[in-house]
Amino acid sequence: MGHRRSPNLPAMTNSLLSDARAILDDVVALRRRLHRQPELGNDLPKTREAVLEALEGLPLDITLHETTSGIAAVLNGAGDGPTVLLRGDMDGLPLTEDTGLDFASETGDTMHACGHDLHTAMLFGAAKLLSGRRDQLNGKVVFMFQPGEEGYAGAKFMLDEGLLDTTGDTPAAGFAIHVTSMYAAGEVHIRHGSLLASADNLTVTVHGSGGHASAPHKALDPIPIAAEIILATQVAITRSIDVFDPGVVTFAKLTAGTTNNIIPPTAELDGTIRAVSEETRASIHELVERVATNVAAAHGATATVVFKQGYPVSINDSEIVDSVKDMAGRVLGEDAVTEMPAPIMGAEDWSYVMQKIPGAMVFLGACPADLEPETAPANHSNLVRFDEDAMASGVALYSGFVIDRLGG
Ligand SMILES: [Zn+2]
Ligand SMILES: [Zn+2]
């Protein structure tokens, strides 16, 4: 789907930030309500209720998903045109908040430590702002309120439940924002191509045979074989993966044995595989399997390798990145926009949506004014705080993305 820009768009986008600031109180109110009651995974009843209450009165067609607490809300523009999709995730994390904020989590063991409460509130803000500009829109907007980003593949559940068929017309473009305390408030950081890594888990089990630790020749000791697999894997990675298309294998857990005088029958390695291209991701899977089984075979043992596929690589569409950079420059000022030099090795389930439709994700800086981005507590920290004014920039970005495609 080509990106069309009509001459009056700058005029339509240059007031977005002030329009977003005008509704910031409502956005902050929803954010704080969510922040007080973080929920985990794909079942977020209180969160869904808060979002639905916020959306009440807006001219939206709402679909409540059944396999998860996902919500797909549709705004029909006055004229005909394509469908575009905006996404905000809604789930929290299992940790105890220690920020001392007066709207801190009231649950004791869950926290909105990744800023998903801001995402949800910004998406609501965009729905409200764009509802007021419905007459200027030719086409439809799907607001995707998604649960379960933190390891539960909520986006995939929503796709499987027909998210992309919500309007009857597959979205031509999708856009997501992630806030971070590692950039100054209001800064937009974006990247052509890979933005975030794939994240797969693997378990290698070495099968030997047990015996007395004093007589290893009568047993088949799996422990040195497991150690050799760890080292051989690291060598293989450095010798066969292009350093400019990197990958990481970390064995983070090694389990074997019960005491000092018994050779155990098995040893188990658990780890994670990260890559920033699907090609390298596939190569690493092949490499680990080959190294593990053949190192074991060299010692007369066997190894079984089990992969648990996690989120795919998040790959931004180049044309959409170009248009988002241009739009963000118009809406927030050119100084606010930076191209990231390298991807981040974290992972996102927004990648599942970007496998189906052209899309992009940006990072929005939300470091509080009293902290420095370099040293501020990071996303997922029990101490992380976010600048709430940055949400006005987020609302404006979401809205600008839509107006660029459906405006005028
Ligand atoms: Zn997170
Ligand atoms: Zn997140």
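Where is the place of Ala-153? Ala-153 sits in the loop between S4 and H6. Those labels are for helices (H or I, at least four residues) and strands (E, at least two), which are DSSP runs numbered from the N terminus.

Before going on, some bookkeeping. This is a predicted model, in which local features need pLDDT of at least 70 and side-chain atom pairs count only at pLDDT 80 or more, while totals for chains, interfaces and linings use all residues. Residues are numbered from 1 along each chain as its sequence is written, and chains are lettered from A and ligands numbered from 1 in the order in which they are written.

Phi of Ala-153 is near 55 degrees, a positive value in a residue other than glycine. Most residues other than glycine have a negative phi. With 19 C-beta neighbours inside 10 Å, Ala-153 counts as partly exposed. The rule is this: a residue is buried if 20 or more other C-beta atoms lie within 10 Å of its own, exposed if 12 or fewer, and partly exposed in between, with C-beta atoms placed from the backbone.

Gly-151 is in the loop between S4 and helix H6 (154-160) as well. Gly-151 has 15 other C-beta atoms within 10 Å and is therefore partly exposed.

His-380 is another residue other than glycine with a positive phi, near 85 degrees. His-380 lies in the loop between S16 and helix H11 (390-406), and because it has 14 other C-beta atoms within 10 Å, it is partly exposed.

Now the whole protein. The secondary structure comes to 11 helices and 16 strands. The C-alpha trace spans about 80 × 45 × 40 Å along its principal axes. Two residues are in contact if their C-beta atoms, placed from the backbone, lie within 7 Å. Among contacts between residues at least 6 apart in sequence, 82% join residues at least 24 apart.

Next, a sheet. It is an open sheet of eight strands, in the order S1-S2-S4-S3-S5-S16-S6-S15, with mixed pairing. Strand S1 (60-64) and strand S15 (337-339) stand at the edges with a single partner strand each, so one side of each is left without a neighbour in the sheet. Neighbouring strands are turned by 25 degrees against each other on average, direction ignored. Two strands pair if DSSP finds at least two bridges between them. Strand S5 (residues 173-184) and strand S16 (residues 359-367) run parallel and are joined by eight bridges; His-178 stands opposite Phe-363 in S16.

Val-84 is in strand S3. Is Val-84 buried or exposed? It has 24 C-beta neighbours inside 10 Å, so it counts as buried. Leaving aside neighbours within four places in sequence, its contacts include Gly-139, Val-141 and Leu-406.

Helix H7 (residues 222-240) has 19 residues, which at 1.5 Å a residue should span 27 Å; its end C-alpha atoms are 26 Å apart, which agrees. The expected span is 1.5 Å times one less than the number of residues. The buried residues of H7 are Pro-222, Ile-225, Ala-226, Ile-229, Thr-233 and Ile-237. They cover an arc of only 110 degrees around the axis, which puts them on the same side of H7. That arc is the one of the directions from the helix axis to the C-beta atoms. An α-helix has 3.6 residues a turn, so residues three or four places apart point the same way. The face turned away from the buried side of H7 carries the exposed residues Leu-231, Val-235, Thr-238 and Arg-239.

Helix H3 (residues 24-36) has buried residues too: Val-27, Leu-30, Arg-31, Leu-34 and His-35. Their arc is only 135 degrees around the axis, which puts them on the same side of H3. What covers them includes H4, H5 and H11.

Definitions and conventions: Axes fitted to C-alpha atoms, helices over the stretch in contact; angles between N-to-C directions.
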